[in-house]
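User: I am new to this structure. Please show me how to read its features one at a time.

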Amino acid sequence: MNRFIKISKISLILVYLVILAGSLVRMTGSGMGCPDWPKCFGLLIPPTNEKQVEWNKNQQYNKGIILRYNGELIVAKDDFVSKNEFNYTNWHPYTKHDYSEFNATKTWIEFLNRLIGAIAGLSTLLMLVFSLRFWKKNKIYSLVSLLIVLGMGFQAWLGKTVVDSNLLPYRITIHMVMALLIVLGLIILLFISRKKTIPIPASPLMKILAISAIALTLFQIGLGTQVRQFVDLKMHQQTSEWLNPAPLKFYIHRSLSLIVLMVHLTLFWMLLKIKLNLRIFNQILGLIGLEIFTGILMFYFDFPFSSQPLHLIIAALLFGAQSLFILRIIVK
């Protein structure tokens, strides 16, 4: 059991690292650093300079290699060696999207994001293998582990659709929500494998408020990705006034953060009434405070460096802490 718990914790940490890496991809605008998936310009190891993605004479090209030519992406039909002049019959256009810019730094940021995701996927697969030892004793470990592995596979496919769509906002949101559901699955797995803890005498109202709070947080994260997309568009327009004027969804996002805070302060007061001082709930309050603080930084100080990935990873940590709190008050 100890090995299973350890690999489950490692998987959870790796999934959070994937979320952090994804937020760095968004912050640096590296989402299309690799135009294809799962390879990058048709390569297992991404290119490091522009010459590698441009056509050259007397060059060996393998089937599936992607180059930039006359402002568009082209794909090698078969293995061949190029001649002194470009021959279009050896290539066909890349049709999944028309994004063809190349930046080595952005390419490698996106590649490292994918690499961490692949390592996280392998970790959850190993977790599933370890869980099979408990199949006869308690099938729930294997079943939840299997759902998590399937979720990781689905998440990888979602990543492909995000790239193929040239970063459609709603697909980015789905991609983020799926990552949080995987976090939830891992927290459930760690919770059911825990040693027995003292049950919390939660009232029906406390349970309703806790579930409402996590639902609001999930909605907030989804809405936040949409606000982020608006900021991305402003950045492409090379303007420093990224939230001037701000869209309605930003004001909804900001107002809901105060509602989330008020709900948790109410829960804190209810816990005090039954003389409970829970470390996990104190952590939740601290994360909410940090989340609001980073939000203030972004709005009033023009998105300081690293404030956006911090805002997102804190939100993901908050969701995880809320999930654990709900399990503690619902499951005996």
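Analyst: Begin with a pocket. α1 (2–28), α4 (169–192), α7 (279–300) and α8 (307–330) each supply at least two residues of the lining of the second largest pocket. Helices (H or I, at least four residues) and strands (E, at least two) are DSSP runs, numbered from the N terminus. This is a predicted model: local features need pLDDT of at least 70, side-chain atom pairs count only at pLDDT 80 or more, and totals for chains, interfaces and linings use all residues. Residues are numbered from 1 along each chain as its sequence is written, and side-chain values use heavy atoms, without hydrogens and water.

User: How is a pocket found?

Analyst: Rolling a probe the size of a water molecule over the atoms shows where empty space is left. On a 1 Å grid over the protein atoms alone, a pocket is an open set of points where a 1.4 Å probe fits, with protein on both sides within 12 Å along at least five of seven lines; lining residues have an atom within 4 Å of a point. Grid points are joined across faces, edges and corners, and the volume is the space filled by probe spheres set on them. Here, the second largest pocket holds about 730 Å³. It has 23 lining residues, and the closest to its centre are Ile187, Leu190, Arg279, Ile280 and Leu324.

User: Which helix gives the most to the lining of the second largest pocket?

Analyst: α1 does, with 7 residues. Ala, Val, Leu, Ile, Met, Phe, Trp, Tyr, Cys and Pro count as nonpolar, Asp, Glu, Lys and Arg as charged, and the others, Gly among them, as polar.

User: At what angle do the axes of α1 and α4 cross?

Analyst: Axes are lines fitted to C-alpha atoms, for helices over the stretch in contact, and angles run from 0 to 180 degrees between N-to-C directions. The axes of α1 and α4 cross at roughly 160° and come within 10 Å. That makes the two helices roughly antiparallel (the cut-off is over 145 degrees). The crossing of α1 past α4 is left-handed: the near helix is turned anticlockwise from the far one by less than a right angle. Contact means heavy atoms within 4.5 Å. Among the residues that meet are Phe4, Leu12 and Tyr16 in α1 and Met176, Val183 and Leu186 in α4. This contact divides into 16 nonpolar, 2 polar and 2 charged residues.

User: What about the other helix pairs?

Analyst: Helices α2 (residues 104–131) and α3 (residues 140–164) pack at about 160°, with axes 8 Å apart. They are therefore roughly antiparallel. α2 passes α3 in a left-handed crossing. Their contact includes Gly117 and Gly121 of α2, and Ser142 and Ser145 of α3. It has 10 nonpolar, 6 polar and 1 charged residues.
For α7 and α8, the axes come within 9 Å and cross at roughly 155°. This pair is therefore roughly antiparallel too. Its crossing is left-handed. The contact has 15 nonpolar, 6 polar and 2 charged residues.

User: How many helices and strands does the protein have?

Analyst: The protein has 8 helices and 5 strands.

Notes: Parallel < 35°, antiparallel > 145°, perpendicular 65-115°, else oblique.
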